[in-house]
Amino acid sequence: MVRTLAPHLAGRRIVSARFTSRFVTPGDRNKLVRRVTGRTIESVRRRGKFILIALDRGAFAIHLGMTGKLLVDGNENAHTRGVFVLDRGVLMYQDSRQFGRIEWGAARASRLGPEPLEIGLEEFIACLRTRKAHVKPLLLNQAFLAGLGNIYVDESLFLAGIHPLSTASRLTRTRAARLHQVIREVLTLAIEHKGSSISDYVDADGNRGDFQILHRAYGREGEPCLHCGTPIRKITVGQRGTHFCPKCQKR
DNA sequence: CTTAATGTTCCCCA
DNA sequence: TTGGGGAACATTAA
């Protein structure tokens, strides 16, 4: 999202803004409008799942939640929750479920764990060793590691051959190292494929990603494991649908 | 009518 | 402080 968004937004001035959802923009929406109006966008970056938009004075953060979209020059519809009119073009926030957020400042993004593509092997192993939580919920915990969501955790655990209910601290060094490596591989490949578009996700130009074609576990319940042919099983872990191969992923 | 969905936070309890 | 379990938030689609 940031890779398609940044070229459109860098250097643009926000001429006006309006927000229409008390969920997406909690608190004083007029205050947010006043703070962004007239400002110039200096950079668009990512930290974990947050999109950070730095202005010539201050910054704001956008989280897409489950169904959020940021569209450049898109059409307004019933799910439009925010509009930024720029000196050239329009940035629109659409979100059917309204789980996403647009908030002033970067307070939330500062409480995140390390980036999965930046944390070193030894540090990753050391962090896992201190935690007695199940590995899947731990990887979804943004304060532990920033940016992995349900799809990429299931995909990573499948490639690492690790059961989602494994206790983090009890993973062998070899398996922890394998996990570190496959997380890097999954994310890198997914980014190359411009993300997973299951139902809603599109980039700033409205284009879908196609990494979902390469999913090996997520969404493949009942289909044969690509390694051993055993049907992929789906269970619930931490209230999230969890897909894994019962034969390849040992606890 | 029921369930589940790419997510996060809060509350209760151990 | 850690960790498990559940509810809540709001909408859509199967």
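This is a predicted model: local features need pLDDT of at least 70, side-chain atom pairs count only at pLDDT 80 or more; totals for chains, interfaces and linings use all residues.

Trainee: Which residues of helix H2 are called buried, and what does the word require?
Mentor: In H2, residues 29-36, they are Leu32, Val33 and Val36. Buried means under 20% relative accessible area, so each of these residues falls under that cut-off.

Trainee: Why are they said to line one face of the helix?
Mentor: Viewed down the axis of H2, its buried residues fall within an arc of 100 degrees, so they line one face. On the other side of H2, Asn30 and Arg34 are exposed.

Trainee: What covers the buried residues of H2?
Mentor: The cover includes strands E1 (14-19), E3 (50-55), E4 (59-63), E6 (80-86) and E8 (101-104).

Trainee: What makes the approach of Asp28 to Asn30 a polar contact?
Mentor: At the start of H2, a side-chain oxygen of Asp28 comes to within 3.1 Å of the backbone nitrogen of Asn30. The limit for such a pair of N or O atoms is 3.5 Å, so this pair qualifies.

Trainee: Why are E1 and E5 called edge strands?
Mentor: The open sheet of four strands has the order E1-E6-E7-E5, with antiparallel pairing. E1 and E5 (68-72) each pair on one side only.

Trainee: How do you know that E6 and E7 pair?
Mentor: Pairing requires at least two bridges; E6 and E7 (residues 90-95) have five, in the antiparallel sense, so they pair.

Key: Residues are numbered from 1 along each chain as its sequence is written. Chains are lettered from A and ligands numbered from 1 in the order in which they are written. Side-chain values use heavy atoms; hydrogens and water are left out. Buried means under 20% relative accessible area, exposed over 50%, partly exposed in between (1.4 Å probe, protein chains only). The arc is that of the directions from the helix axis to the C-beta atoms. Contact means heavy atoms within 4.5 Å. A polar contact is a pair of N or O atoms within 3.5 Å; within protein, one must be able to donate a hydrogen and the other to accept it, and residues adjacent in sequence count only if both atoms are side-chain atoms.
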